[in-house]
Amino acid sequence: MKKLLSMLLCAVMTVTCIGAVPAHAANSDTRLRVGLTISGASAFAAPQLENVSGCKTGYTVGTVSGTAFSGSKSITSSALTVKLVNDAFQVSDTDSGSVLYTSAAGADHIAIRPNSALTWFKGYKWHGDFVYRRASNGSITVINYVGVEDYVKGVLPYEIDPDWPAEAQKAQAVCARSFALGTHKHGSDYELCNTTNCQVYLGANRATEASDAAVDATKGETLSYNGSSVIGYFYSSDGGATEDAANVWGGDYAYLKGKADPYEDPSKDRWTVTLTADEIQQKVNAAGYSIGKVANVQVTKRTATDNVNEVTVTDTSGKSVTISKSSVRTVFGLKSIRYTITPVGGSGNKTSLQVKASTHNVKVNGKTVSPQGYYIVNGTQYGNNYFKLRDIAYLLSGTKGQFNVRWDKENERILLTSGTAYETVGGELADSSTAVEKIGKSTSTIVLDGEEITLDGYIINGNNYYKLRDIGKAIGFDVDFEDNTVLVKTTSDYSGDDEDTNSGNSGNIGSNTTPTVTNPTSYTFSGSGWGHSVGMSQWGAYAMAQKGFTYDQILKFYFTGIEIAE
């Protein structure tokens with residue numbers, strides 16, 4: 001079976017085109033416009049056509065308006081060559097070279113309708129008409145105007161094996177038809193390409209009686225959700241679970257929801273890729289991010305179905321970039337979004353970053369408060385309390401240690417002004433979930449009184465938390481620890497102590513642990529599945545068909561709440 005490694009490219013580009021149109025069985029007379037790419041070439045200097053042996057010979061040359069053909073001249077030759085000569089399209093007999101037709105100078109296209117049911121072009125047999133349009137450098141783009149059912153017959157045996165069970169082939173046929181009718185991504189000249197950037201369509205060469213029968217059995221059928229036709233996305237295998245479109249491409253589509261897949265063979269499409277730290281740096285920067293020498297790569301967020309949703313790459317300076325959604329696959333050149341990352345090599349200096357909600361009270365000049373924060377141990381005996389800057393500024397407002405916090409949107413940095421009363425923005429000291437869903441080193445730029453400073457901090461669940469002792473050292477107040485209480489003394493200068501004790505935070509502190517290895521030489525990505533995991537798994541459809549499920553049952557498993565429009 002042809003692997004759909006590039007299907008995500010199509011999905012990313014077409015997901016915004018998921019339109020709502022009235023649900024109905026597709027009209028078998030619907031004609032699709034498919035730009036043809038053969039062996040990597042999408043434009044040709046002198047494209048040729050030839051009637052398939054045994055079919056009626058000859059052609060009609062003319063033009064198209066929309067998808068309607070208008071003929072102007074009949075030609076009896078069986079093989080034609082089209083060129084651009086003196087700013088006009090010239091049609092000649094391939095064997096004799098005789099010129100048979102010349103368009104008006106400056107014409108933007110010509111159309112050729114074969115008399116034969118099938119026509120050779122670039123080694124493949126095609127149904128339908130051919131439209132020639134100008135491309136760059138004097139070359140020609142060839143567009144196949146083909147009925148939707150003939151098109152699906154040219155897709156099915158290239159997307160799955162034509163010897164697969166009939167119900168799997170029927171499910172694929174409905175997906176292919178729904179995808180074709182819902183996808184309009186290539187501008188005004190044609191809606192579809194014929195590569196994995198859309199779905200593979202290469203005419204009738206591989207069609208079999210069984211594959212054609214699957215198309216005929218589902219003639220005109222498409223996927224429908226709440227009365228509207230929807231696109232039938234598919235891919236090779238999911239490795240154990242499908243995924244929400246929102247977690248891959250963005251946008252919330254109710255019929256594209258992730259779920260565990262109990263049918264697909266769990267051993268299908270297992271893979272391993274090892275990348276050096278330098279290779280990861282190159283790939284991340286090539287994708288438009290900016291990162292230095294890589295120190296750590298880790299999965300920092302998973303979806304409800306345990307697929308990867310975010311990967312954080314940290315360099316040796318402490319700067320981190322977070323890669324999310326479909327990019328967790330494409331940036332690293334991986335087969336799927338279902339994997340783990342294992343650091344390999346390096347200095348062997350291992351640390352353990354232990355994080356839990358802080359249970360320490362904070363006493364400011366004798367007044368006890370309980371701001372929401374985290375107690376973090378990073379490879380030392382004891383840890384430190386980390387809090388939000390605005391919460392600390394709010395608590396210290398009116399004291400000797402007061403400072404203001406502002407966000408400089410234009411320059412994307414945090415501005416601190418010491419000795420200035422804090423200006424509230426709302427939400428200070430607000431309670432929020434303390435469960436650590438994702439964590440990474442804070443990369444925000446901080447400026448204190450006009451000078452850039454560094455504060456030890458982490459981004460936890462999307463919010464910055466900074467070490468209280470670092471804040472005290474920068475602003476000029478002391479931090480001490482006594483009887484499970486953090487003491488903030490605005491009347492004293494910073495004393496220079498490095499750690500809070502772990503009193504009151506011992507015991508289950510390791511329950512939320514993120515192991516890291518400093519400066520590994522490489523990282524091994526180990527996963528399963530092949531493709532974007534949104535919609536129908538082709539190997540899952542195969543397995544369900546083998547178990548006796550019908551094609552509509554297969555489709556209703558992989559697409560939530562859909563019906564088959566007839």
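1. Before we start, a word on the ground rules: residues are numbered from 1 along each chain as its sequence is written, and side-chain values use heavy atoms, with hydrogens and water left out. Because the model is predicted, local features need pLDDT of at least 70 and side-chain atom pairs count only at pLDDT 80 or more, while totals for chains, interfaces and linings use all residues.

2. Strands (E, at least two residues) and helices (H or I, at least four) are DSSP runs, numbered from the N terminus, and two strands pair if DSSP finds at least two bridges between them.

3. Look next at β22 and β38 (residues 522-528), which run antiparallel and are joined by six bridges. Within this pairing, P343 stands opposite Y523 in β38.

4. Now for a helix pair: the axes of α3 (residues 166-182) and α10 (residues 538-546) come within 7 Å and cross at roughly 140°. On the α3 side the contact is made by E167, A168 and Q172, and on the α10 side by Q538, A541, Y542 and A545.

5. What about the interior? The largest nonpolar core has 94 residues, of which V313, F332 and L555 touch the most other members. A nonpolar core is a set of buried Ala, Val, Leu, Ile, Met, Phe, Trp, Tyr and Cys residues joined through side-chain atoms within 4.5 Å. Helix α3 gives the most to this core, with eight residues. Apart from it lies another core, of 26 residues, including Y422 and Y466.

6. Finally, is V425 buried or exposed? V425 is exposed, with a relative accessible area of 55% (buried means under 20%, exposed over 50%, partly exposed in between, with a 1.4 Å probe and protein chains only). V425 sits in the loop between β29 (413-418) and β30 (439-441), and its C-alpha atom is separated by 9.4 Å from that of R406, 19 residues apart along the chain.

Methods:
Axes are lines fitted to C-alpha atoms, for helices over the stretch in contact, and angles run from 0 to 180 degrees between N-to-C directions. Contact means heavy atoms within 4.5 Å.
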